[in-house]
Amino acid sequence: MADSSNELTRPVKRLGDRIFSGTALGAGVLILVTLAGVGLFLTIEGLPGFTADSSATQPADNFVGLAGPLVFGTVLSATLALMLAVPLAVGVALFISHYAPRRLSQGLGYLVDLLAAVPSVVYGLWGIIFLAPKLVPIYRWLENNVGWIPFFSGPTLASGRNMATVAVVLAVMILPIITAICREIFLQTPTLHEEAALALGATRWEMIRMAVFPYGRSGIVSAAMLGLGRALGETLAVTLVLSPAILYSFNFIGAQNPSTIASNIALQFPEASGLEVSVLIATGLVLFLITFVVNFAARAVVNRRSEFSGAN
Amino acid sequence: MTPPTQTLKQRPGADGPRGSGPLNTQDQALHTRTLPRFAPLGLLAAATAVSVGISLALGWNRAAMVVVAAILYLVAINLVSRSVENGRRATDRTVTGLVTIAFLIALLPLTTLLYTVLSNGLGALSGEFFSASMRNIIGEGGGIYHAIWGTLIVTGLATLMSVPIGVFTAIYLVEYGKGALARWITFLVDVMTGIPSIVAGLFAYALFVLFLGPGVRSGFGGAVALSVLMVPVVVRATEEMLKLVPNELREASYALGVPRWRTIVKVVLRTASAGIATGVTLAVARVIGETAPLLVIAGSTDSVNFNPFDGRMATLPVFTFYAYSEPGVPAEFSVERAWGAALVLILIVLVLNLIARLISRAYSPKTGR
């Protein structure tokens with residue numbers, strides 16, 4: 001008697017269930033293992049690179065001399081791109097969420113998403129062939145009129161292959177992800193808050209400042225940080241557009257521009273051998289750590305918002 | 001909250017054509033004066049006309065003309081609205097203009113990019129371009145046959161690896177996962193979407209070097225690198241779709257005595273299949289254009305290579321990169337091939353995106369029935 005009641009209350013464990021849930025768990029754990037593996041294998045292969053001598057770290061004397069300017073160039077290009085992209089992305093997201101006619105807004109959002117689908121090598125070609133020559137007159141004007149500011153001291157290359165062009169191309173590339181997340185967050189503003197503001201006589205802009213921005217502030221910050229993560233790791237667009245060097249320079253329109261980690265790897269890796277490979281992998285590890293920290297922080301902020309579903 | 005009026009009212013230069021009287025009386029009136037509905041469009045037309053006039057007189061180019069027209073419009077709408085309506089309305093109208101301009105600026109790269117690629121790439125497309133490899137080609141001729149095969153093989157292998165892992169992880173997260181492990185997997189999958197693509201390539205290289213020695217290049221390595229980028233996208237898309245499946249369907253299935261795993265396979269996955277297909281298609285579209293990891297681990301070659309486990313394998317993005325950056329001596333033929341390959345690549349990506357949208361549109365109302 002006791003046996004049969006036990007039989008009824010105990011959940012049935014079928015073999016199929018166990019295999020299936022085991023596979024699902026295994027897949028999940030595999031992802032964690034992969035992420036750990038990325039760090040582990042890069043460390044194993046890159047470790048000799050950290051102590052490499054000048055033979056493998058040309059044109060610098062040691063690893064720090066090479067990686068320092070590269071980190072500087074990476075952070076500088078990504079920061080400039082972010083400064084260009086964030087205000088624009090917030091505007092575009094506002095247009096789609098609060099200004100465009102309701103019927104159009106989904107289609108317009110899709111149009112901006114298309115920007116994200118364009119491969120980076122195509123952005124590179126576009127940047128170097130179409131964009132850079134168009135920007136050269138602006139650089140020339142800056143050089144001649146405000147050249148006393150260190151940022152614009154020049155001399156400008158006729159090809160326009162400098163940090164400023166890279167920043168514009170990167171800004172275009174990270175615009176879609178920032179826009180997508182901002183749009184999602186703006187659309188989540190409680191309608192009651194918006195209507196309350198409008199009922200108090202606020203204009204549309206005042207409503208946005210009083211209801212939409214305070215609600216979405218943390219979302220905008222994390223969207224910007226995710227965009228930063230993308231810009232830090234972008235490779236081919238920078239490789240094609242920049243005329244690179246290993247140095248520290250705040251001259252955005254000059255002929256000598258600090259290269260970025262990813263771009264330097266793409267340029268050097270195919271011809272590298274021996275210790276040079278280790279050095280490049282070590283710089284890759286540095287890039288991985290930087291982007292990991294940025295993304296980790298951004299996601300931690302996003303995840304604090306429980307309802308947020310993610311827009312990528 | 002300080003009303004913006006207080007600061008704006010004192011701004012000099014707010015005197016419109018009719019002079020701005022004491023604004024307070026207008027603010028307190030129940031019916032303030034408003035601009036007619038055609039006012040913004042009219043002012044835009046006027047600003048454009050003035051800008052065209054100035055540009056023709058001073059010989060500016062079209063870009064300067066558009067910029068000047070936009071600035072003129074913003075200033076004009078602000079002043080006119082300030083004089084007729086009030087400072088708050090003027091700010092509102094100016095911001096409306098700014099936001100619209102931001103959107104138009106965002107469309108600019110997309111249109112010029114499509115135009116540049118089309119106008120430069122169309123000339124390269126021909127029968128030979130699709131049917132010939134670059135073997136023994138110097139100068140004119142040759143094509144992307146080898147690169148198309150490489151892209152298909154590498155992306156296909158990456159899809160074969162990522163889809164099962166991604167879908168099973170999503171199943172774990174939605175159907176089984178509870179507690180700290182599931183939370184960490186969700187979080188780290190999100191973090192993983194931000195891994196730079198070149199780091200994924202270096203990871204694949206570092207992994208294969210351990211087994212196959214230095215200087216290793218293979219298409220399979222490229223597929224591994226692409227999988228690292230693709231899995232998180234598949235997980236997120238599938239997870240969203242599985243969460244949309246109504247719980248009633250699962251409970252109905254359990255009530256009929258169907259085992260859990262068969263419920264997931266036959267009910268949950270089947271209900272979400274269109275959404276998962278959309279997500280997978282978008283994930284493929286995302287990685288098919290990846291250049292950096294393939295540059296590192298798959299390398300580049302002039303010949304057709306059907307074996308992903310042996311030797312270098314050309315792919316469309318890497319082909320595009322080298323055809324432009326290392327064109328050889330008569331550079332124009334190689335550059336033209338680069339544009340042709342870029343056009344083919346962008347067409348593939350657009351078609352994949354279109355397919356994804358069509359799938360999701362055809363099957364989207366899966367909930368709320």
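**A salt bridge and its surroundings**

A: In this predicted model, the side chains of B:Arg88 and A:Glu206 come together in a salt bridge, with an N to O distance of 2.8 Å. B:Arg88 belongs to helix H5 of chain B and A:Glu206 to helix H8 of chain A, so the pair joins two chains. Over all chains, a search of the whole structure finds nine salt bridges. Across the interface of chain A and chain B, the rule finds one salt bridge.

From H8(A), the contact involves A:Arg204, A:Trp205 and A:Glu206; from H5(B), it involves B:Arg88, B:Thr91, B:Asp92, B:Val95 and B:Thr96. Sorted by class, the contact of H8(A) with H5(B) comprises four charged, two polar and two nonpolar residues.

Within its own chain, H5(B) has a further packing partner. H5(B) covers residues 87–121, and helix H4 of chain B covers residues 62–84; their axes come within 7 Å and cross at roughly 160°. H4(B) and H5(B) are therefore roughly antiparallel to each other, and H4(B) passes H5(B) in a right-handed crossing. On the side of H4(B), the residues in contact are B:Ala70, B:Tyr73, B:Leu74, B:Ile77, B:Asn78, B:Ser81 and B:Arg82. They meet B:Gly87, B:Arg89, B:Ala90, B:Thr91, B:Arg93, B:Thr94, B:Gly97, B:Leu98 and B:Ile101 of H5(B). The contact of H4(B) with H5(B) has seven nonpolar, six polar and three charged residues.

In total, 84 residues of chain A are in contact with 84 residues of chain B. The area buried between chain A and chain B is about 7,500 Å², and carbon and sulfur atoms give 79% of that area. A:Phe20, A:Ile31 and A:Leu125 supply 9% of the area that chain A buries against chain B, more than any other three residues.

Chain A has a helix pair of its own to set beside these. Helix H3 (residues 63–99) and helix H4 (residues 102–117) of chain A pack at an angle of about 150°, their axes being 8 Å apart. H3(A) contributes A:Val92, A:Phe95, A:Ile96 and A:Ser97, while H4(A) contributes A:Arg102, A:Ser105, A:Leu108, A:Gly109 and A:Val112. This contact divides into five nonpolar, three polar and one charged residue.

Notes: Residues are numbered from 1 along each chain as its sequence is written. Chains are lettered from A and ligands numbered from 1 in the order in which they are written. This is a predicted model: local features need pLDDT of at least 70, side-chain atom pairs count only at pLDDT 80 or more; totals for chains, interfaces and linings use all residues. Side-chain values use heavy atoms; hydrogens and water are left out. Axes are lines fitted to C-alpha atoms, for helices over the stretch in contact, and angles run from 0 to 180 degrees between N-to-C directions. Helices (H or I, at least four residues) and strands (E, at least two) are DSSP runs, numbered from the N terminus. Angles under 35 degrees count as roughly parallel, over 145 as roughly antiparallel, 65 to 115 as roughly perpendicular and the rest as oblique. A crossing is left-handed if the near helix is turned anticlockwise from the far one by less than a right angle, and right-handed if clockwise. Contact means heavy atoms within 4.5 Å. Ala, Val, Leu, Ile, Met, Phe, Trp, Tyr, Cys and Pro count as nonpolar, Asp, Glu, Lys and Arg as charged, and the others, Gly among them, as polar. Buried area is the accessible area (1.4 Å probe) that two parts lose on being put together, summed over both. A salt bridge is a side-chain nitrogen of Lys or Arg within 4 Å of a carboxyl oxygen of Asp or Glu.
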